[in-house]
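Me: I have a structure with several chains open on my screen. Please show me how to read its features.

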Amino acid sequence: MNAQTQSSGRFLYTASVILLCAWVIVPLYFLLINTLSSPDTVNSFPKSFVPEFDLGSLQFFAGFAGMLTALKNSILVAGMTMIMSILIGAPAGYALSRFDFPGKGLFRLLILLTRAFPLPLLALPLAVMFIRTGLDDTVFGLALVHTTLAIPFSVLITFSLFSGIPLELEEAAWTLGCTRLTAFTKVVLPLILPGITASAIFAFVISWNEVFAAAVLTIENRTLTAFLLQNLDTSPLHLKFAGGFILVVPALIFIFAVRKYLFAMWGIANR
Amino acid sequence: MTHRFKLAGAAALALTMGASVAQADVLFWSTQAKPVEEAQAMREQVLGNFSDKVDYQPNDGGPWLTRLQAELQAGSGTIGVLGALHGDFSAMDPENLVDLSDLGVMSSSDTFNNLAKLGTDDAQYIPWMQASYIMAANKKALEHLPEGADIDALTYEQLIAWAANVHEATGEAKFGFPAGPKGLKHRFFQGYLYPSYTNGVVRTFASDAAVTAWEDFRKLWAHTNPASTNFSFLQEQLLSEDVWIAFDHTSRLAQAFNERPDDFVAFPAPAGPTGRGFMPVIAGVAIPKTAPDMDAAKALVAHMLKPETQIATLKATNFFPVVDVALPDDLPPAVQAAGGAVAKMSGAADANPGLLPAGLGSKGGDFNRVFVDAFERIVLANQDIRTVLDDQKGALEAIMNETGAPCWAPDAPSEGACPVE
Amino acid sequence: MNARYLPYLLILPVTLFLCLFFLYPFILVAQQAFSVDGGWSLKNFEDVIGYWKFPISFQNTMLLAAAVVPVQLALALLMATMVNRMKKGRDLILYVWTIPLGISDLAAGIIWLAIFEQSGFLNSMMQAVGAIDRPTNFLSYQNPGIVFLAIALAEIWRATAIMLVILVAGIGLIPKEYYEAAEVFGASPWKRFTRVTLPLLRPSLQTALVLRVILAFEIFAVVAALGGTLFPVLMGETYAYQFDLLNNGAAAAMALIILAISIAFTLIIMRALRVPKGATI
């Protein structure tokens, strides 16, 4: 009886895992089919469920002048955003979790406000400021704006992670002769590295997918989204799908590349 | 020896000059020719043989405007030449655009050249290319044409009957209308439906004839693909055959004709009780006062108006020339189809051409919203036509009074602001 | 180092950064909302709230958030606990589940439109299994319910991963001993989940919910792709004011209204899931 419930539970568990995986992958598979279809097939009905491997649409983009430069710019901006948002955000996350200080509530609200106001409205004053200060049309300038978008994530995620680590652990390290700093680097930091990776992924993805500021603030140094994505919705169907595919793939590769850091510290976290 | 030295020096000079030219790429900041292949064709075929290097950047309206406003506010910029629709320019302060009257180029249409002055005495932009809205149909739909109907001289009544026939025969509503978020539905009401039924746009907005127009449009809507509220580029639905008969901008139908020229026909918009209303689309090129290299920008504007550039532009974007040129024979199918339909439309005995809204300044968007709101309330929300029109009339009156815009064709001319009667 | 100043030192970089790149432009924009022709006025707010579409777009935004966020929370919790129990293939499964994180809302709109449109994949599938004779129009004004469902599904697909990643990282921090102890006392898996996981996960839950809710109020691109003109939302109206009507004051007013809603909900969530001070475990 018990063994039976266990095995049916096991079955239910496996089935849900598979179902949830399918839920994520199937729509992407449809995108792949459409990307690898000729213009005729993309418009046809009923749709085939096996790609026909027509590379025409992808080849069109391969021959697109400036594609590689735009790709390079996108990666540069996203990388800078990632580093800046963590360096600037994590200390604040630590402060929020460990200290009670006057103005804490206000500070948290400021962080959240940042995310609750649409960037396209802020783009005008930002662009004026950038043109006046010479930050305009630089990869660094755009990374600054994207960092603003990513900071709420990095602060709040690191905050919740630090909060999950018992203060006693740090205090124990202090009694064992660690300073506040070494206790942090030796005890706390390893524990929250997976979380930091999570917020790094956010920062990267936010920057990678951001269109509006990129379109306004870069001219010669266009990012891939500004260069490609913002005009996709007006393009013919087959190119729309191929362009969408080209944008999706690098982000997937990035997440795949860092996924192991997300778990590298698993053993330690599960002391 | 010295000779060779000179050569090397000249080569070096040429090199550095080349470098400096490359640095000063003229930035062409455009809202037109956005689809990726059109942009590519603009870069390669239209701008490739200009003396300087041109950086052609098409943008959505939002970023286009934001960047432009930022440069104007900051007082310095990188944009050399602006490419946009008449409506985009008329929303700008003419002060911010360089006067182009002394450039010596203009379109061959006085009407267009006058519009381009934006109410001042000088050309604020130079008309660059033109298009219009037409009808297109899948050839499969032709057999369902109502008896006695000539596809080149349809009336709205016949169009409704035709759409109904197709609906009945196929079991699906197969008329397509660009009612999506980026669709150009407002132009249909302003330039086609209202002129055809009321011989006006502003004056007759809430007239009894307008009520009839909306009643008829509701009838057409009954045979319109109900997913039309997602359609913004009807070439997609023509190709997927979700739609058999469609109304849209010529360049938004082009892909259907270019991909399967034998499957589709283009024809004029239908006629109503007061004629066959239609309106042009005008795109222009202008120079913002913050342009970094004024001479290069002016040279580029002049280049855009050259006959050979205009033909290259036609092939790249499906927008027609605004200067007199002999069109070559090797035009893409979409251009031939659209050109034929537009010619029939403007040459029709009952033609009732309208003009683009003028003098509305930054209220152009509000003006469009009046018509879009009327559509959403009357057709989508099924509210009473008379009530909605009387309600929207107030908004329209406010816009006209605030801007003081005089009437434009087909409305009868007015002294002062165009009245809503 | 004096511990009294330490927290301020730690938050100084963020504060400076946000003052420069957020607060400064924000104040400039917010000013526009309160000024008409150079004077102080609430006319912009009256205008946007009085517009006939405002109640509909407000209602749509709220309904969508109310439908999507709880499902996402439940789904993310389920996935996170499942990953936590996994022995083999954890890496790969988690990767698959976090994939949508990398997909922008624009791309998600393109993908889901290809599924739901008349000649799309859903109709193809239904025809292949013989469920229908001819393709049905899912995204039409006649079926507002299906349009809503399609948008909600696309949103759930796209944005659950955000919560998942935060929760997975949070669950990883819960010491195993607690589960072992609970097991010794004979707690069922459900009891372990409600008595151990949920309380200890509170900081992460709070973060995930707050971020997700704020983003839910700003939903736009997916709605525009699937709902077309049928499903107005607050953010779409904001952009219409800014870029179609060129009315920056009204757009700023709309954005401030969205901001106010976000703040209200943030405060509610933070109160409901308050993290006990010191977060002693």
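This is a predicted model: local features need pLDDT of at least 70, side-chain atom pairs count only at pLDDT 80 or more; totals for chains, interfaces and linings use all residues.

Me: Start with the record. Where in chain A does UniProt place the feature "transmembrane region"?

Reply: The unreviewed UniProt entry places that feature at residues 12-32, 75-97, 109-131, 143-167, 187-208 and 237-258 of chain A. Next, check such spans against the model. Residues 109-131 of chain A are 91% helix and 0% strand. The end C-alpha atoms of this span are 29 Å apart. Residues 187-208 of chain A are 100% helix and 0% strand, with end C-alpha atoms 33 Å apart.

Me: Now helix packing. How do helix 6 of chain A and helix 3 of chain B cross?

Reply: The general idea comes first. Two packed helices are described by the angle between their axes and the distance between the axes. Here the pair is helix 6 (residues 119-133) of chain A and helix 3 (residues 61-74) of chain B. Their axes come within 8 Å and cross at roughly 40 degrees. Therefore helix 6 of chain A is oblique to helix 3 of chain B. The crossing of these two helices is right-handed.

Me: Which residues make the contact between helix 6 of chain A and helix 3 of chain B?

Reply: From helix 6 of chain A, they include A:Pro120, A:Ala123, A:Leu124 and A:Arg132. From helix 3 of chain B, B:Gly62, B:Arg67, B:Glu71 and B:Ala74 are among them. The residues of this contact divide into 8 nonpolar, 4 polar and 3 charged.

Me: How many residues does each chain give to the contact of chain C with chain A?

Reply: Chain C gives 78 residues and chain A gives 78 residues. On the chain C side, helix 1 (residues 6-33) supplies the largest share, 15 residues. By residue class, the side of chain C that touches chain A has 57 nonpolar, 17 polar and 4 charged residues.

Me: Last topic. What domains does the assignment give for chain B?

Reply: Domain 1 of chain B takes 2-130 + 281-330, and domain 2 takes 132-280 + 350-403. Taken over C-alpha atoms, the centres of these two domains of chain B are 32 Å apart. Their contact takes 12 residues from domain 1 and 13 residues from domain 2.

Me: Which element of domain 1 of chain B gives the most to the side that touches domain 2?

Reply: Helix 4 of chain B does, with 3 residues. The residues on that side of domain 1 of chain B divide into 5 nonpolar, 7 polar and no charged.

Methods:
Residues are numbered from 1 along each chain as its sequence is written. Chains are lettered from A and ligands numbered from 1 in the order in which they are written. UniProt positions are given in the numbering used here, feature names are shortened, and annotations may be inferred rather than shown by experiment. Helices (H or I, at least four residues) and strands (E, at least two) are DSSP runs, numbered from the N terminus. Axes are lines fitted to C-alpha atoms, for helices over the stretch in contact, and angles run from 0 to 180 degrees between N-to-C directions. Angles under 35 degrees count as roughly parallel, over 145 as roughly antiparallel, 65 to 115 as roughly perpendicular and the rest as oblique. A crossing is left-handed if the near helix is turned anticlockwise from the far one by less than a right angle, and right-handed if clockwise. Two residues are in contact if their C-beta atoms, placed from the backbone, lie within 7 Å. Ala, Val, Leu, Ile, Met, Phe, Trp, Tyr, Cys and Pro count as nonpolar, Asp, Glu, Lys and Arg as charged, and the others, Gly among them, as polar. Domain bounds come from an automatic or database domain assignment.
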